[in-house]
Amino acid sequence: MFDLDLFEDQSQRVYLKKIAVDTCVSFLARTISQSEFRVKNGKKFIKDDLYYHLNVRPNKNMTASTFWRTFVHKLVYDNECLIIQADDGDLLIADDFQHNEYAVMEDTFTNVVVKNYEFKRSFRQNEVIHLRYKNERLSPLINGLFADYGDLFGKILNFQKRKGQIRATVDMDLVASKSKEHQEKLQQFIDKLYSAIDQKDVAVVPQQKGHEYKEQNNGSTSSQSVEEVNKVTDGFLDKVAMAIGIPLGLLHGDMADVEKQTKNYMLYTVSPLLKQIKDEGDAKFFTKTEYLNGKCIDIRKVQYQSVFELANAVDKLRSSGIMNGNELRDELGREEVDDPIMNKYVITKNYSEVLEGGEKKDEA
């Protein structure tokens, strides 16, 4: 007798793919969602409806953090994401849409669906925020990796299970009917017998004439090891992380060179994505004239170093006259202040000019 349920297609272990994708994408999404999307007008930051929608409540059903996490997940996995603006100003992430591309005309988006609601109108490129993540979709790469890793993962997992498997036989000294009804009753008896032995600390099995239960030793006394299973899982996770651009040390929580890895992650993965969002926002929320007059989106990304850790460097730049106070505040992500002393360049240490021959010039 063969049980078709035993022949499971190992590549259908979708939880392996879901864990890897959700871990990596959520890691990037959490970083992006901590950014502050500020509206800058010249040297001043203003808080208007656009600022509120980008940082507090993009739409009636989402907070800003949830909105940006959803945005990053769709952008990375689907390779593109479309944000439309409703009549009341709400920002909505499209679940599905059709992108109509043209060579010299403006692209359009039709059949836009948001939470099972399909918009009857079409949207022009200048009316939406549309971003592509890479030249090629990430999902075919993940699916290709998953086909191999999922099959290997399933085989290793089943092998580890069999190492500690209890195998038994039931001998029957009788001649019985082979009808379906009799076979079902016999199987129920065997199932109850094994359940009592497997689940109870003390199992008393009734002996019946003509039935004999024997457990077979498969010759393996070693305990079940999960090391090989974890290696396959981590291998698939690492490949997905490399495709997205997340340092493996940060993903696994390694403390060695964590500052260097964080810096590379912010520089080569987070900053380019934020630059894409900024460019698209500048082009769609402001006219050409407004942008040239200093109105733009300024994104303050999450800092991996506090201002207290940068205090010595800030003091050195200020005291050497390289930067004034407001320039330093701008680099630190803070708004400039209307104080004349903050616009002055000062030198608080004695820097002497060296003459030819190595002598120092007398200071005035």
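Start with the largest nonpolar core: select L28, F71, I244 and I277, which touch the most other members among its 46 residues. A nonpolar core here is a set of buried Ala, Val, Leu, Ile, Met, Phe, Trp, Tyr and Cys residues joined through side-chain atoms within 4.5 Å, and buried means under 20% relative accessible area (1.4 Å probe, protein chains only). Another core lies apart from the largest one and has 11 residues, including I84, F109, F119 and V128.

Before you go on, remember that this is a predicted model, where local features need pLDDT of at least 70 and side-chain atom pairs count only at pLDDT 80 or more, while totals for chains, interfaces and linings use all residues. Residues are numbered from 1 along each chain as its sequence is written, and side-chain values use heavy atoms, with hydrogens and water left out.

Now centre on I277. Setting aside neighbours within four places in sequence, I277 is in contact (heavy atoms within 4.5 Å) with I32, F37, W68, F71, L131 and I299.

Next, show the strands. Helices (H or I, at least four residues) and strands (E, at least two) are DSSP runs, numbered from the N terminus. Find the open sheet β2-β1-β12, made of three strands with antiparallel pairing; two strands pair if DSSP finds at least two bridges between them. Its edge strands are β2 (44–46) and β12 (295–300). Strand β1 (residues 36–41) is joined to β12 by six bridges, and K40 stands opposite C296 in β12.

Then colour helix α8 (residues 258–285). This helix lies across β1 and β12, running at about 160 degrees to β12. For such angles, axes are lines fitted to C-alpha atoms, for helices over the stretch in contact, and angles run from 0 to 180 degrees between N-to-C directions.

A second stop for strands is the open sheet β4-β3-β9, also with antiparallel pairing. In β4, look for I93, the bridge partner of I83. α8 lies across β3 and β9, and α3 lies across β3, β4 and β9.

How values were computed. Buried < 20%, exposed > 50% of the residue type's maximum accessible area, 1.4 Å probe, protein only.
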